[in-house]
Every structure is written in structure tokens, then in C-alpha cells.
Amino acid sequence: MAPARKASEFHRVGRDWFYNAGLPSDVTVVVDGENFHLHKFPLVSRCGKMAKECEDSKQGIGCASNVLLEGFPGGPETFLIAAKFCYGLRVELTPGNLVMTYCAADYLEMIDEYGEDNLLSKCDDYLHKNVLRSWKDCTLALQSAEPVIPSAEKLQIISKCMKAISIMVCTDPSLFGWPMMMYGSLQSPGGSILWNGINTGARIRSLESDWWFDDVSYLGIDLFTKLIKTMKARSIRLENIAGVVMYYARKYLPGLRRWKGAQSGARTAASRSLTPTTTSVDQRVLVEVIVYLLPEKKSKSCCRFLLGLLRIALILGVSQECREAIERRIGMQLELATLDSLLIPTYSDSDTLYDTDCFQRILLYFLCSERRRVSSFSDSPSSPSSSAPPLSEVAKLVDNYIAEVASDANLKPNKIRALAEALPEDSRSLHDGLYRALDIYFKAHPWLSDEEKEKLCSVIDYQKLSIDACTHASQNQMLPLRVVLQVLFFEQMQLRTMLAGCLQVVENENELLANPVAAGGGVYPTRQITRRDRWVTAVRENRHLKVDLESMRSRVRELEEEFGRIKLEMKRASKSNSSLSPSPSPSPSPSRRVSCRLPPPTCESRKDITVQSTPSTPRVSVEKVQSSRHSRHRMSCSFL
């Protein structure tokens with residue numbers, strides 16, 4: 001390069017630039033409204049485009065002419081660098097201005113045909129020898145290419161930088177060269193941080209797979225999209241791609257930050273030199289791009305991120321296609337979701353507190369993915385089927401979700417039933433969670449009729465209720481009477497089955513105790529001794545078992561008596577309702593008879609009360625005995 005001169009030879013007056021060469025200017029170059037009053041000879045000798053412009057204008061050197069450069073890459077600042085190079089002034093290339101200068105040199109056709117070691121070749125050498133070998137310089141150069149992406153892609157600058165970044169992502173950062181400058185301080189071979197060449201004893205943080213997330217997050221959405229596509233083409237691990245996409249989304253979508261703890265560690269030296277370029281991008285466009293870039297990977301962190309992204313998408317009102325894509329991905333890994341992340345509020349004009357329609361759509365996507373997974377397992381007989389764990393986990397999740405939204409006063413019964421019946425019947429081994437959810441719903445909606453309650457209770461399989469749930473349901477006043485009778489019936493069946501099984505075990509143990517030699521075979525004495533010890537233990541356990549059997553028998557008798565009493569009261573109540581006829585004097589209703597309420601006192605009873613206040617005489621005592629007998633007779637009749 002030519003010997004350096006004073007940079008003050010270029011000076012600016014308003015929107016005009018001048019070069020102090022002692023000669024009048026014979027060409028004026030206009031770049032984005034700024035005028036550069038220069039000389040043709042140094043420009044024509046280095047720039048092919050300027051030579052063609054002067055030749056087309058048919059004006060030789062020394063004749064004034066105007067040249068308009070439309071769409072010049074980098075604007076007046078970059079043209080000033082090219083003009084300085086043409087005048088032989090020193091030009092300093094940096095990672096921040098390399099891409100702009102490279103594109104400007106290509107625009108001006110500053111190739112070696114118009115001078116040895118022209119600007120285009122110098123930019124190319126600096127790119128390959130300096131920028132592409134340094135993580136920091138490569139990320140800085142890639143971010144500076146935002147305004148000139150078409151020109152940089154034409155010159156393959158962006159593709160070269162992205163390939164270099166992809167290679168360095170797969171490489172251990174400690175292999176980039178020592179000392180490591182990317183952490184903002186020097187590092188000794190032992191791993192401690194150096195300051196002015198002095199070992200401070202401090203250690204840098206351990207290198208993790210996400211060390212590069214913060215650096216690439218400063219790229220614009222267009223360059224970031226191209227970088228992720230390049231990484232996918234080079235078979236970068238999907239975990240790393242998913243991690244950087246989620247990091248990028250959390251950085252520019254503030255609502256997602258609450259769905260993860262703190263951001264990754266300290267910023268690197270490269271990221272300190274970068275400035276965000278995605279702040280002005282439409283967030284709806286950003287959400288759609290994130291959904292497109294995020295790989296289909298199943299993990300708890302990814303599922304939680306997608307649920308947070310779904311909330312943002314519903315708030316921003318993204319397209320239906322984007323929303324369905326997010327819901328489908330959540331449905332594919334619904335068993336990994338948590339209840340708090342599924343409680344999505346309603347962002348529309350609906351009266352309900354939570355968006356149950358969205359949750360129902362996610363359930364449908366989950367069922368579709370489960371059918372495909374089960375069919376794929378059935379196609380390959382050697383692969384064992386594992387459809388039970390995801391279904392059971394999702395069933396618990398659905399029951400807990402219904403229990404949480406059941407307290408909403410505006411939630412309709414048909415929505416509760418649709419959510420409860422969405423999963424197949426074999427997905428729940430126990431229906432205790434479903435019963436708990438309906439119990440909460442009945443308490444929050446006391447105005448429901450018995451018919452509506454019975455329709456909701458029809459989704460419960462009473463044979464799959466535990467003993468504790470049956471006991472609670474038999475005493476639940478919010479349930480219809482018919483439902484309580486069904487619960488009592490199935491509770492009796494469960495107790496009888498358990499009782500029969502326990503009795504069978506006791507009989508088998510008694511047979512073993514009665515004939516131990518026949519049971520043991522009498523061949524090996526040591527085995528007989530061992531089995532005899534086991535029989536002694538079985539006898540001890542048998543005593544405790546008998547106590548449990550007696551308690552179970554008493555419980556069964558109580559349930560049978562209660563069941564028979566309820567049936568008798570219902571029969572008598574139905575007979576009394578059929579025999580009722582209108583009469584002027586009110587008579588006790590069947591409900592009063594069933595509830596054992598006494599009739600109002602008659603005249604004789606009133607006389608008995610007045611007689612009791614008089615002094616006791618033999619006659620009075622006889623009347624008192626007779627009246628008491630009549631009252632007992634009436635009381636016993638009222639219980640019938």
C-alpha cells in the first residue's frame with residue numbers, strides 16, 4: 001500500500017467532501033446525497049466503474065463531470081474508505097468494516113486489472129487470513145453484513161462466515177488458539193486468568209455447549225435464520241440448535257423469560273462488541289420464524305418453552321397455521337408438560353377464565369401422535385409397546401387440569417365432559433382424580449340439576465374407584481341419590497372380592513400348617529426346617545389377618561344394612577306418594593315419616609301435659625300410664 005499521508009487531507013464542509021491536493025476538482029461523485037469533489041485520474045486508475053462512467057460521459061481528464069452512484073453499499077462512509085485507497089492513503093480494515101468495504105470494492109470494480117494489490121484482493125486476503133480464523137472477528141463481520149446482505153451473499157462472504165462459525169461451534173473453544181481472547185482476558189496454559197502477564201489465580205468458568213449462544217443472538221433475524229439452516233445442513237446436534245433458538249426467542253420476546261430461570265452466563269468479548277439488531281422486527285414475524293427454525297425435539301425444557309411461546313402467539317394473534325404448528329408440537333410431548341404451564345388464560349372475548357378449547361386441541365394432537373406411535377410399534381413385532389406410560393401420565397394431567405379449572409363459574413358441564421371423555425377408557429387405572437375434579441365442580445356449581453350431575457358422573461367407572469373414594473362418595477351430599485346407590489353397590493362388590501381373596505389365603509395357610517410334611521415333600525430336612533419357620537411366621541401373620549377380616553366383615557354388614565334401609569325408605573316413600581289425596585287438614589308427608597319426625601301433639605297429649613302439673617294421685621298415675629302407652633304407639637307408627 002502507498003505510504004501514509006495525513007488523513008486531514010480529506011475534509012468535510014456540510015454535505016460536501018474535498019481533497020486538499022492543490023488542484024481543482026474535475027469530478028463530483030454523489031453518494032446518498034453527499035458530494036465528493038475528487039479528481040478523475042486516481043479514481044480511474046483504480047476503479048473500473050469510474051473509468052466506464054468517464055468514458056461514457058465522453059469527457060476526458062480535466063473536464064468536470066458528475067457521477068451518481070445509486071445503491072452504493074455502505075453509503076458515504078464506505079465510499080470514503082475506497083476514495084482514500086485510490087489516493088494512496090492508509091486504509092485500516094477491521095471486522096466491522098470489512099464486509100462493507102468488500103462489497104464497495106466489488107461495486108466499483110476495484111480488481112487487479114486496474115492496479116496490483118487492489119482493494120478487492122486485499123479485502124479477500126483479510127477475510128481468509130484473519131476473520132475466518134477468529135470466532136470474535138467472524139461474528140462481528142457477520143453482524144456488520146446486515147445492510148448489504150444481497151451483495152455479501154453474491155460474493156459468498158456470508159456463506160463463508162457461517163461455515164466457519166458452524167465448524168467452530170463443533171470444536172472445543174480451547175483449540176481456537178492460545179491465549180483465548182473471547183473471554184475478555186488472557187488465559188494461561190494452566191487455566192487461570194492473566195492480567196498484564198501476571199497470574200491472578202482466578203479460573204474462568206467451565207466451558208459448556210451453550211458458550212456461543214449469546215454471540216450469535218445479536219444477529220438479525222434474517223442472518224440468524226441462514227445460520228440455523230447452515231448448522232442443520234452440517235448436522236449440528238439438534239440439542240444445540242434447539243438451545244440457541246430458544247435462547248434467541250427469550251432474548252427478543254420478553255414474555256418468554258419467565259418460562260426459564262436466568263439467562264446463560266457472562267457475555268463474551270465478541271458479544272460485548274455487538275449491538276442487538278432485532279428490536280424493530282415485528283414480534284409476530286419473529287414467533288413464526290422461531291416455530292419454523294425450532295427442531296422437533298422432545299424434552300421437558302422444549303415443551304415448557306413451546307407452552308410459553310403459545311401464550312405469546314395467542315396474545316399477538318399470529319396466523320392459524322403458526323398456532324396449530326405450536327399446538328401440534330406440544331401435543332407430541334404432552335406427557336412432559338406441567339400443570340402450571342398448561343393453565344393458559346383466555347385472551348379472547350370468552351367468558352371462561354382459562355382457554356379450555358386450546359387444551360382440548362392439544363389433547364387431540366396427542367391422541368393422533370399416540371395412534372401413529374402405537375401403529376409403528378405394531379408394525380415391528382420385535383419392539384415392545386410402551387403406550388401405557390404416556391397415556392397414564394396425560395390422564396393424570398387431564399384430571400388435575402379439570403380440577404383446577406372446575407372452580408370457574410362460567411365453565412359449562414359439556415366442556416367438562418368433553419375433556420373427561422377425550423382420552424380412551426383404558427388410560428386411567430383409577431378414577432379417583434376424575435371423581436375429585438367432579439366433586440370440585442359440583443361444589444363450585446351448586447345450581448346444577450340432578451340430571452346434569454348424573455350425566456357428568458356417567459364418565460366415572462365406579463369399579464375403578466378406590467375404597468377411600470367410595471367411602472367419600474357414599475357420604476357426599478352433592479351427588480345424586482342414584483349415583484350414591486351405585487357407589488355403595490360397587491363398594492360392596494369390592495369388599496366382598498377382597499374378603500374372598502383373604503379367606504382363600506387363610507385356607508391355603510391352614511392347609512399348609514395342617515400337613516407340613518406333604519407340603520414340603522419330606523426329602524430334604526434343611527428345607528423342611530426353613531419351611532417350618534416360614535409356617536410359624538405365617539401363623540403369626542394369620543392372627544393379624546383375622547382381625548382385619550373381622551373389621552371388613554363388620555364394614556360389609558354395615559353397608560348391607562344401610563343399603564337395605566335406603567331401599568325400604570324409597571319403597572315406602574313411593575307408596576305414600578301414590579296413596580296421597582287432597583284433604584283440608586294437613587297430614588304428615590312421607591318425607592317426614594322417612595326422616596322419623598314426630599307428628600304434632602293431639603288433644604290427649606295436651607291433657608297429659610296439663611295433668612302432669614297437678615298433684616299426683618292414683619287416678620292421675622293411671623291416666624299418665626295410658627297416655628304414655630298411646631304416645632309410644634303413635635311414635636312407633638311414625639317410624640313405619
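**A loop residue and its setting**

Author: Glu 425 lies in the loop between α19 (413–420) and α20 (432–444). The model is a predicted one, and in it Glu 425 has a relative accessible area of 72%. That value is over the 50% cut-off, so Glu 425 counts as exposed. Along the chain, Glu 425 and Ile 460 are 35 residues apart, while their C-alpha atoms are separated by 9.8 Å.

Leu 108 belongs to the loop between α4 and α5, and its relative accessible area is 1%. Since the limit for burial is 20%, Leu 108 is classed as buried. The contacts of Leu 108, leaving aside residues up to four places away in sequence, are with Cys 47, Gly 48, Lys 49, Leu 69, Phe 72, Phe 79 and Ala 82. The C-alpha atom of Leu 108 is separated by 8.8 Å from that of Arg 46, a residue 62 places away along the chain.

Asp 32, in the loop between β3 (27–31) and β4 (34–38), has a phi near 50 degrees, which is positive although the residue is not glycine. With a relative accessible area of 49%, Asp 32 is partly exposed. Ser 235 also has a positive phi without being glycine, in this case near 60 degrees. Ser 235 is found in the loop between α10 and α11, and a relative accessible area of 63% makes it exposed.

Helix α10 (residues 221–233) and helix α11 (residues 238–252) cross at roughly 170 degrees, and their axes come within 11 Å. An angle over 145 degrees counts as roughly antiparallel, and α10 and α11 are therefore roughly antiparallel to each other. From α10, Ile 221, Phe 224, Ile 228, Met 231 and Lys 232 take part in the contact, and they meet Ile 241, Val 244, Val 245 and Tyr 248 of α11. Eight of the residues in the contact of α10 with α11 are nonpolar, none is polar and one is charged.

Helix α10 also figures in the cover of another helix, α8. Helix α8 (residues 157–169) consists of 13 residues and spans 18 Å between its first and last C-alpha, close to the 18 Å expected at 1.5 Å a residue. Its buried residues are Ile 157, Ile 158, Cys 161, Met 162, Ala 164, Ile 165, Ser 166, Met 168 and Val 169. Besides α10, the elements that cover these buried residues include α4 (98–107), α5 (119–129), α6 (135–144) and α7 (149–154).

Helix α13 supplies a further packing site, with two partners to consider. Against helix α15 (residues 320–332), helix α13 (residues 283–293) packs at an angle of about 40 degrees, and the axes are 10 Å apart. At that angle, α13 and α15 are therefore oblique to each other. The crossing of α13 past α15 is left-handed. Val 287, Glu 288 and Val 291 represent α13 in this contact, and Cys 322, Ala 325, Ile 326 and Arg 329 represent α15. By class, the contact of α13 with α15 comprises five nonpolar, no polar and two charged residues.

With helix α14 (residues 300–316), α13 crosses at roughly 145 degrees, and the two axes come within 10 Å. This crossing, too, is left-handed. Gln 283, Arg 284, Val 287, Ile 290 and Val 291 of α13 form the contact with Phe 305, Leu 309, Ile 312, Ala 313 and Leu 316 of α14. The contact of α13 with α14 holds eight nonpolar residues, one polar and one charged.

These parts belong to a protein chain with 28 helices and eight strands. Of its 640 residues, 41% count as buried. Among contacts between residues at least 6 apart in sequence, 69% join residues at least 24 apart.

Methods:
Residues numbered from 1 in each chain as written. Predicted model: local features only at pLDDT ≥ 70, side-chain atom pairs only at ≥ 80, totals over all residues. Heavy atoms only, no water. Axes fitted to C-alpha atoms, helices over the stretch in contact; angles between N-to-C directions. Helix = DSSP H or I, 4+ residues; strand = E, 2+ residues; numbered from the N terminus. Parallel < 35°, antiparallel > 145°, perpendicular 65-115°, else oblique. Left-handed = near helix turned anticlockwise from the far one by under 90°. Contact = heavy atoms within 4.5 Å. Nonpolar A, V, L, I, M, F, W, Y, C, P; charged D, E, K, R; others polar. Expected span 1.5 Å × (residues − 1). Buried < 20%, exposed > 50% of the residue type's maximum accessible area, 1.4 Å probe, protein only.
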